[in-house]
Amino acid sequence: MPTTQHVALGERSYAIHVGGGVLRDAGALLAPLLPRPRAVVVSNPLVAAHWLAPLRASLSAAGIACETILVPDGETHKSWSTLHDLLTRLLELRAERSTTLVALGGGVVGDLTGFAAAVYQRGMPFVQVPTTLLAQVDSSVGGKTGVNHPLGKNMIGAFHQPLAVLIDTDCLSTLPDRELAAGFAEVVKTAAIRDVPFFEWLETHVPRIKARDADALVHAVAESCRIKAEIVAADEREAGERALLNFGHTFGHAIETGVGYGEWLHGEAVAAGMVMAAKLSQRLGLLAGADVERLRMLLQRAGLPVDAPRLGAERYLALMGRDKKVVAGSIRFILLRAIGDAFVTADVPESALRVILEL
Ligand SMILES: NC(=O)c1ccc[n+]([C@@H]2O[C@H](COP(=O)([O-])OP(=O)(O)OC[C@H]3O[C@@H](n4cnc5c(N)ncnc54)[C@H](O)[C@@H]3O)[C@@H](O)[C@H]2O)c1
Ligand SMILES: [Zn+2]
């Protein structure tokens, strides 16, 4: 039986089902939720080759009519032009406002499909079926959807909550090691900002996660979703504490852009970015050196990069100035007082920041 977490958002509340083999239960789980028994699955050729057949079989067995639209694979296709093509296909299929879109794939497919669902005929229901670790623990929960613009990542989008999130950890069996590790960075992030027992569990279980032990994966994903669901329920539109989920991301985005998109995976940049944020916290007298080392060790043991590329302070400052999280001209940082205790501040002296950027 899958474990279930709830995202409590009033009439937009929904369940997150996590377990091995959940794809086989998709039809039974979704049939009571859909306004009409008609779904359009959006995926890409790579994911579809592995996981489309069991999903379709399960939907059909539950009496849900099912069509498929494939979009090209990769971050460069999380774009306005792919969105346009997807909306065109939906019109050609005569999809209705009561048809449900089902996003089968990583964060790219999930963000794109969710945004299409937000705008198609002023909004249709959608379901997330995330297949990367990153998408399972982060992007599929919380209702942030969107596409990239040439001038900035995720700059066009909407909040649109899914009807449900179905997470089959068996899907991770076909994910490359590097993608698994990158998703693990977001797991560590979630624990580091909020949950010491989970952080300790990760320290003990990192070898089992690397070995893709089924029970360990289910626990890591379910706990991450539980914590993210709590944060989203408290602050759906990121007016406050949801910003804590950006721990490591101010530096991480600078790394991603600075080295050129595609060189470092997002999660890899976030891993090195979290170490930078922890060192900055230490520099400001907030965090013990031993805690910086714990975070660094956990990420390193997972096979993630922990040393930022040397881009120079000037370049980093310029890159961070363009981050979406810059509020009223000052850069906002997520810092740690301890493992499990994060807070947001814009009050960081440039001199301390420069020391970290030159390390
Ligand atoms: N909406 C949010 O709150 C949120 C949060 C974090 C990240 N994101 C977004 O998520 C995106 C990154 O997501 P991602 O890391 O999943 O990348 P991705 O969707 O590009 O997936 C990575 C690669 O893995 C492949 N893949 C997916 N599932 C697979 C499987 N089971 N087996 C084998 N290969 C598989 C994909 O086809 C792709 O080639 C970014 O666009 C980012 O902005 C959104
Ligand atoms: Zn992230």
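In this predicted model, Asp291 is in contact (heavy atoms within 4.5 Å) with Ala338 and Ile339, once its neighbours within four places in sequence are left aside. Asp291 and Ala338 stand 47 residues apart in sequence, while their C-alpha atoms are 6.8 Å apart in space. Asp291 belongs to helix α11 (residues 289-301), where helices are DSSP runs of H or I of at least four residues, strands are runs of E of at least two, and both are numbered from the N terminus. With a relative accessible area of 16%, Asp291 counts as buried, a term that means under 20% relative accessible area, as against over 50% for exposed and values in between for partly exposed (1.4 Å probe, protein chains only).

Glu186, in helix α6 (residues 177-194), and His249, in helix α9 (residues 249-259), are 63 residues apart, so that the pair links distant parts of the chain. Glu186 is buried at 1% relative accessibility, and His249 is buried at 5%.

Helix α2 (residues 45-61) contains 17 residues and should span 24 Å at 1.5 Å a residue, which agrees with the 23 Å between its end C-alpha atoms; the expected span is 1.5 Å times one less than the number of residues. At the start of α2, a side-chain oxygen of Asn44 reaches to within 3.0 Å of the backbone nitrogen of Leu46, a polar contact in the sense of a pair of N or O atoms within 3.5 Å; within protein, one must be able to donate a hydrogen and the other to accept it, and residues adjacent in sequence count only if both atoms are side-chain atoms. Just after α2, Gly63 takes a positive phi of about 80°. The buried residues of α2 include Trp51, Leu52 and Leu55, and among the elements that cover the buried residues are α1 (26-30) and β3 (38-43).

Residues are numbered from 1 along each chain as its sequence is written, and chains are lettered from A and ligands numbered from 1 in the order in which they are written. Local features need pLDDT of at least 70 and side-chain atom pairs count only at pLDDT 80 or more, whereas totals for chains, interfaces and linings use all residues, and side-chain values use heavy atoms, with hydrogens and water left out.
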